[in-house]
Amino acid sequence: MRLSSTRKLIQLTSASIMTALNRGHCDSVREEVIQVGKVKTNVLKVGHFRERLPTDAKQVLMLIIPGNPGVPYFYEDFMQELYSHCDGQVPVWTIGHAGHVRPNDAQLTVSDIYSTKEDMFGLEAQIKHKVDFIKENIPPDVSLILIGHSIGCYMILNLLDELPAKQVLRCFMLFPTIEHMAESPNGVKITPILRHLRWLVVFIAFLLYLIPHIVRCNLIRWWYKNVDYPSCMEKAVLETLTPWTVNFTTYLARIEMNKVTTLQRDLLDKHSSKLSFYYGSSDNWAPVKYYHNLVSEFPKLDARLCTLNLKHAFVLDTQEGREMAKIVWLWAQSHHHTVLSSQNLDDGETWVFNES
């Protein structure tokens, strides 16, 4: 379904939201550590490929490529909610970014802070890391629905040329940071720190890491006391605040500020038929003007502006994560109803739009 740039998604009906909330999770999230190139990579998986499919049906996989921090634990609740909408028939995976989860046998040294390897942990290396993972771990006859979040959208845009065109069904780009990151409201604040004081941020992480584990847990609970956060968040934040992860996330962020500048119009034009963008209405990483710039240059692109006031970091809020999962699932059905219905996945709900 192709939608004009003037269409906006309105709030889901209370009935559909209650349906999403009341669905049970069909499977638990399991973690695997997979060697991708030289990097041990944490991958979360929920569900399994179906052993028996109707004639001519395709195996489908939803693969989430996270933002930065690329700690996959943040997405556990979101994954389970997506999986529940497909009635446990389409597996959902999340791949962590290279270096963003500390291997059990790894230690961070002072030299790592000053000589981080761009060919392993830089932005281009992260893109290659995802391509290698897909080619080595996902059979080519499995159809992919790629879900990018934040810088994960930039990675998806830049890996499509490396994958067989028929393998990728759709790319859902959630709160995409695909242009002018350093000029965004958050970028203006954080870029000078990343360029000149990144070592200090890592040093502060070292100091925090000296605090007993139970105290750090209590501090996280206190900090988020007014947020209905998912159960996975505490583990994710604890991992993110380790010196190892802070080092590699800030390193990647610094490169993002320098390299994510102008829109990659050639890639957008080439792959526009498979791209769906979802911009926040109050996103300080991808402000509304970036949405308007995109739809003015590509008026036929499937790009939508959030009307639910979801935050850029929607995975930190239980209800927002559930609403985002519902949006992605219905959106996927609107584009690939035939493929998904072959999995017996029609949940009987449809999009509601407002013509403006």
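What share of the contacts in the protein with a separation of 6 or more comes from residues 24 or more positions apart? Such residues account for 80% of these contacts, a contact being heavy atoms within 4.5 Å.

## Basis of the model

This is a predicted model, in which local features need pLDDT of at least 70 and side-chain atom pairs count only at pLDDT 80 or more, while totals for chains, interfaces and linings use all residues. Residues are numbered from 1 along each chain as its sequence is written, and side-chain values use heavy atoms, with hydrogens and water left out.

## Overall composition

The protein contains 14 helices and ten strands; these are DSSP runs numbered from the N terminus, helices being H or I of at least four residues and strands E of at least two. Of the 356 residues, 56% are buried, that is, under 20% relative accessible area with a 1.4 Å probe, protein chains only.

## The sheet

An open sheet of eight strands has the order β2-β3-β5-β4-β6-β7-β8-β9, with mixed pairing; two strands pair if DSSP finds at least two bridges between them. At the edges, β2 (30-36) and β9 (302-305) each pair on one side only.

Strands β7 (residues 168-174) and β8 (residues 275-279) pair in the parallel sense over four bridges. Met173 stands opposite Phe277 in β8.

## Helices on the sheet

Helix α13 (residues 288-297) packs on the sheet and touches β8 and β9. The direction of α13 makes about 155 degrees with that of β9; axes are lines fitted to C-alpha atoms, for helices over the stretch in contact, and angles run from 0 to 180 degrees between N-to-C directions.

Helix α5 (residues 123-137) lies across β2, β3 (39-46), β4 (59-65), β5 (92-95) and β6 (142-149), and runs at about 105 degrees to β2.

Methods:
Buried means under 20% relative accessible area, exposed over 50%, partly exposed in between (1.4 Å probe, protein chains only).
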